[in-house]
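This report describes the surroundings of one ligand and two of the residues in that region. Please look at the sequence and the structure before reading on.

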Amino acid sequence: MYYTKKLLLLGSGELGKEVIIEAQRLGVETIAVDRYEHAPAMQVAHRSYVIDMLDPKQLREIVEKEKPDLIVPEIEAIATSELIKLEEEGFHVIPTARAAKLTMDREGIRRLAAETLQLPTAKYRFADTYEEFEQAAKEIGFPCVIKPLMSSSGKGQSVCHTEEETEKCWKIAMEGGRVQNGRVIIEEFIRFDSEITLLTVRAVNGTMFCAPIGHIQKDGDYIESWQPHNMTEQQIQEAKKIAQSITDELGGYGIFGVELFLAEEKVYFSEVSPRPHDTGLVTLVTQNLSEFALHVRAILGYPIPEITLLFPGASRPIKAQEELNEYSLVGIEQALAVPNTQIRVFGKPVTKVGRRIGVTLSTSNTVEKAKENAKRALDSLILQNNT
Ligand SMILES: Nc1ncnc2c1ncn2[C@@H]1O[C@H](COP(=O)(O)OP(=O)(O)OP(=O)(O)O)[C@@H](O)[C@H]1O
Ligand SMILES: NCC(=O)N[C@@H]1O[C@H](COP(=O)([O-])[O-])[C@@H](O)[C@H]1O
Ligand SMILES: [Mg+2]
């Protein structure tokens with residue numbers, strides 16, 4: 001087969017695996033890159049490479065060798081300054097190299113959202129040292145949230161309830177960041193009623209929104225998501241306004257996961273991923289086009305005539321409780337006996353405490369029943385040690 005387009009995926013986890021499958025469905029040649037071998041997306045891509053994606057030299061080497069039509073970031077931690085240079089040289093970075101750079105660290109995107117676009121966010125400060133952090137926490141007040149500037153899925157993040165906890169929280173942040181520089185963000189703790197991801201697609205035929213996805217997070221990582229999330233008309237309008245504003249500013253084509261907190265008095269912008277979102281895994285079973293199919297269509301410049309929510313649905317990530325080198329999932333038969341329920345096993349080579357290794361996906365005629373089904377499926381699955 002002659003491939004007319006070549007896609008280079010930077011980051012090869014569970015989200016990228018679905019992107020690769022969708023790209024191949026439209027006849028695209030795919031190359032997966034990550035920091036370790038046999039990553040989920042590598043298992044389905046045409047070719048793969050293992051490199052340190054934060055190393056500009058290694059990143060450039062792969063790009064120059066493969067000369068992809070599309071460079072598609074799948075995680076934040078990439079040498080984004082090199083992506084800017086590559087874009088200047090004519091390579092196409094999704095959605096744009098600037099968007100990848102701004103969302104790579106919490107400071108870039110927070111300052112853009114709160115200071116340039118004047119979007120409502122939690123109060124925040126930045127700190128480079130423990131002393132600056134202590135001072136910032138006092139200014140923001142307790143409880144506050146501390147996060148390394150570059151991290152995801154809650155790594156290095158903690159809620160600091162009192163002055164006595166500052167040392168412990170600082171330590172968590174220093175150990176959890178993706179790169180070891182000490183800078184952190186300290187945020188006001190928002191007592192929200194619920195939080196959502198508003199998947200927003202920028203495609204050749206305009207900006208479109210998916211039905212809001214509600215989710216619950218524990219230790220900064222999602223443990224349940226559902227679609228649609230019940231919101232007032234005013235909340236929906238505010239959420240769309242915020243999503244439109246931030247995605248217009250970031251530009252390019254593709255899907256964006258706009259994370260928002262819904263409080264009684266207002267809708268807060270939290271952060272945005274210029275790529276598919278983990279809580280959006282639920283769209284694999286709820287929509288006419290999943291978030292992955294939408295991303296691929298959008299980045300290839302193909303039209304998206306409409307996005308339809310077919311059924312209410314829910315997802316539950318399957319998270320490992322221990323570190324295992326050889327493992328398997330037991331109870332698949334029971335999980336699949338739950339009505340309208342599917343699972344996806346990501347195929348990560350090894351587990352770590354808290355690592356997501358799969359997901360259960362259910363639909364039903366109500367969100368409540370779909371949530372029940374996804375939980376029943378999750379409860380019947382057991383991680384087995386095969387070493
Ligand atoms: N200022 C805040 N007030 C209250 N809760 C917060 C605040 N910031 C974060 N959280 C909670 O922690 C979760 C994770 O935070 P955040 O999205 O910033 O982290 P993350 O590591 O970037 O996560 P991911 O990469 O998975 O999206 C949020 O979804 C929310 O539940
Ligand atoms: N919240 C961001 C997110 O869910 N990202 C997804 O997790 C993978 C990393 O997983 P790992 O840490 O288990 O290798 C990433 O590659 C991406 O697919
Ligand atoms: Mg988040």
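## Glutamate 14

Glutamate 14 has 23 C-beta neighbours inside 10 Å, so this residue counts as buried (20 or more other C-beta atoms within 10 Å of its own, with C-beta atoms placed from the backbone; 12 or fewer would be exposed, and in between partly exposed). The model is predicted: local features need pLDDT of at least 70, side-chain atom pairs count only at pLDDT 80 or more, and totals for chains, interfaces and linings use all residues. Residues are numbered from 1 along each chain as its sequence is written, while chains are lettered from A and ligands numbered from 1 in the order in which they are written.

Glutamate 14 sits in helix α1 (helices are DSSP runs of H or I with at least four residues, strands are runs of E with at least two, numbered from the N terminus). Leaving aside residues up to four places away in sequence, glutamate 14 touches Pro40, Phe346 and Arg356 (contact means C-beta atoms, placed from the backbone, within 7 Å).

## Aspartate 278

Aspartate 278 belongs to the loop between β14 (267–273) and α9 (283–286). This residue counts as buried because 22 C-beta neighbours lie inside 10 Å. Its contacts, not counting residues up to four places away in sequence, are Leu15 and Tyr222.

## Around ligand 2

The shell around ligand 2 holds 13 residues, and Gly11, Gly13, Leu15, Ser153 and Asp278 are the closest (a residue is near if its C-beta atom, placed from the backbone, lies within 6 Å). Helix α1 (residues 14–25) gives the largest share, 3 residues.

Domain 1 (6–93) and domain 3 (194–385) both contribute to this shell, so ligand 2 lies between them (domain bounds come from an automatic or database domain assignment).

How values were computed:
Contact = placed C-beta atoms within 7 Å.
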